[in-house]
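Hi,

Here is the structure I promised to pass on. Have a look at it first, and my notes follow below.

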Amino acid sequence: MIRLLILSSVLSTLHAFRIAPPYSFPLYGASSRESNNMMASTSPSPPGRGRPASSAIRAAAAADADDGDDAGGETQEDTKASSEGDRGDDVSDILNSPAFLKRKVEVLQSDIAALEKELEEATAAASAAKDEWGAKFDMLNKESKGMQERLAKQGALGTETATIEVATRILNVLDNYDRAFQSVEAVTNEEVEIVDAYKGTYDMILDAFAELNVTRVDTVGYEFNYEMHQAMMQMPSDEYEEGIVCQEFAMGWKFGEKLIRPAMVAVAA
């Protein structure tokens with residue numbers, strides 16, 4: 001009886017390892033990997049092993065899938081870079097091709113011809129306008145130059161008139177200085193200092209006249225000039241010949257060559 005129980009247990013164990021259950025066979029339409037996974041999950045694990053067969057199969061399948069993905073990714077990147085390089089080379093070849101360069105030269109020549117035509121038209125229009133308005137422009141230029149010259153002369157004349165008017169008013173002050181110097185004789189040191197101070201002011205006025213181009217008329221020792229001199233009298237002179245100014249009574253002044261006031265003189269007879 002005991003032997004029969006042992007034999008029955010052994011047979012049942014062998015039957016479990018050798019004969020798979022009906023649902024372990026692959027179903028119709030299912031993939032081999034799914035069938036293997038199903039069989040591994042339903043079959044009992046043999047004694048003495050720490051890891052089930054289904055876990056080992058799944059780990060191996062996952063590792064194969066990762067290796068395949070890595071290999072596929074590198075291939076796609078390489079293919080993309082290669083395609084971009086080929087595309088750049090194709091563009092460079094197109095831009096440097098004889099046909100493209102020839103077309104570019106034709107376009108540039110067309111643009112140059114259009115610009116030359118526009119230049120010719122503008123030149124012709126300018127020539128026609130010059131023929132029509134040239135005489136009027138010349139007349140306007142002449143009138144403009146004449147107006148500028150007249151304005152310049154008027155400005156210079158205005159400056160000359162103003163200078164003469166100011167100088168004429170100041171000459172009265174200089175005449176008073178001359179009469180004072182002739183009539184006053186400094187005796188004391190104090191009087192000498194006063195006279196020197198007046199002479200300093202007198203010299204400052206003469207310097208201002210020189211800056212304004214207002215100068216004295218030459219008299220004594222020069223030939224009588226009716227345009228610059230006013231003869232007050234004739235007198236015999238042993239020093240000067242006849243017709244030479246021998247004495248000055250009042251100074252004469254001029255602005256440039258224009259007389260402001262004639263000098264009053266005596267002429268040798």
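Phe 255 sits opposite Lys 258 of β5. Two residues lie between the strands of this hairpin, and Gly 256 has a positive phi near 65 degrees. Bear in mind throughout that this is a predicted model.

Lys 258 turns up again in a salt bridge, where its side chain meets that of Glu 160 (3.3 Å, N to O). That pair ties together distant parts of the chain, with Glu 160 in helix α4 and Lys 258 in strand β5, 98 residues apart. At 41% relative accessibility, Lys 258 is classed as partly exposed.

Now the overall layout. The chain has five helices and six strands, and in sequence order the pattern reads α-α-α-α-α-β-β-β-β-β-β. Of the 269 residues, 14% are buried.

Then there is the open sheet. Three strands make it up, in the order β2-β6-β3, and the pairing is mixed. β2 (229-235) and β3 (245-250) are the edge strands with a single partner each, so one side of each has no neighbour in the sheet. From one strand to the next, the twist averages 30 degrees.

Here is how the two pairings go:

- β2 and β6 are parallel, with six bridges between them. Gln 234 has Val 267 in β6 as its bridge partner.
- β3 and β6 (residues 263-268) are antiparallel, with four bridges. Glu 248 is opposite Val 265 in β6, and Ala 250 is opposite Met 264 in β6.

How enclosed is β6 by the rest of the structure? Largely so, because five of its six residues are buried. Met 264, which is also in β6, counts as partly exposed, as its relative accessibility is 34% and the buried class stops under 20%. Met 264 also belongs to a nonpolar surface patch with Met 232, Met 233 and Phe 249, and together these four have about 370 Å² of accessible area.

The unreviewed entry lists residues 105-132 as "coiled-coil region". In the model that stretch is 100% helix and 0% strand, and its end C-alpha atoms are 41 Å apart.

On charges, a search of the whole structure gives five salt bridges.

- Glu 106 and Arg 103 meet through their side chains at 3.4 Å, N to O. Both are in helix α4 (residues 98-183), three residues apart, or about one turn of the helix. Glu 106 is partly exposed at a relative accessible area of 36%, whereas Arg 103 is exposed at 53% relative accessibility.
- Glu 165 pairs with Arg 169, with the closest N and O atoms 3.7 Å apart. The two are four residues apart in helix α4, so about one helical turn separates them. Glu 165 is partly exposed at 44% relative accessibility, while Arg 169 is exposed with a relative accessible area of 59%.

Cheers

How values were computed
Residues numbered from 1 in each chain as written. Predicted model: local features only at pLDDT ≥ 70, side-chain atom pairs only at ≥ 80, totals over all residues. Heavy atoms only, no water. Pairing = 2+ DSSP bridges. Axes fitted to C-alpha atoms, helices over the stretch in contact; angles between N-to-C directions. UniProt positions renumbered as here; feature names shortened; annotations may be inferred. Patch = residues over 30% accessible without salt bridge, like charges linked within 9 Å, V, L, I, M, F, W, Y side chains within 5 Å. Areas by Shrake-Rupley, 256 points an atom, 1.4 Å probe, with all protein chains shown as cover. Buried < 20%, exposed > 50% of the residue type's maximum accessible area, 1.4 Å probe, protein only.
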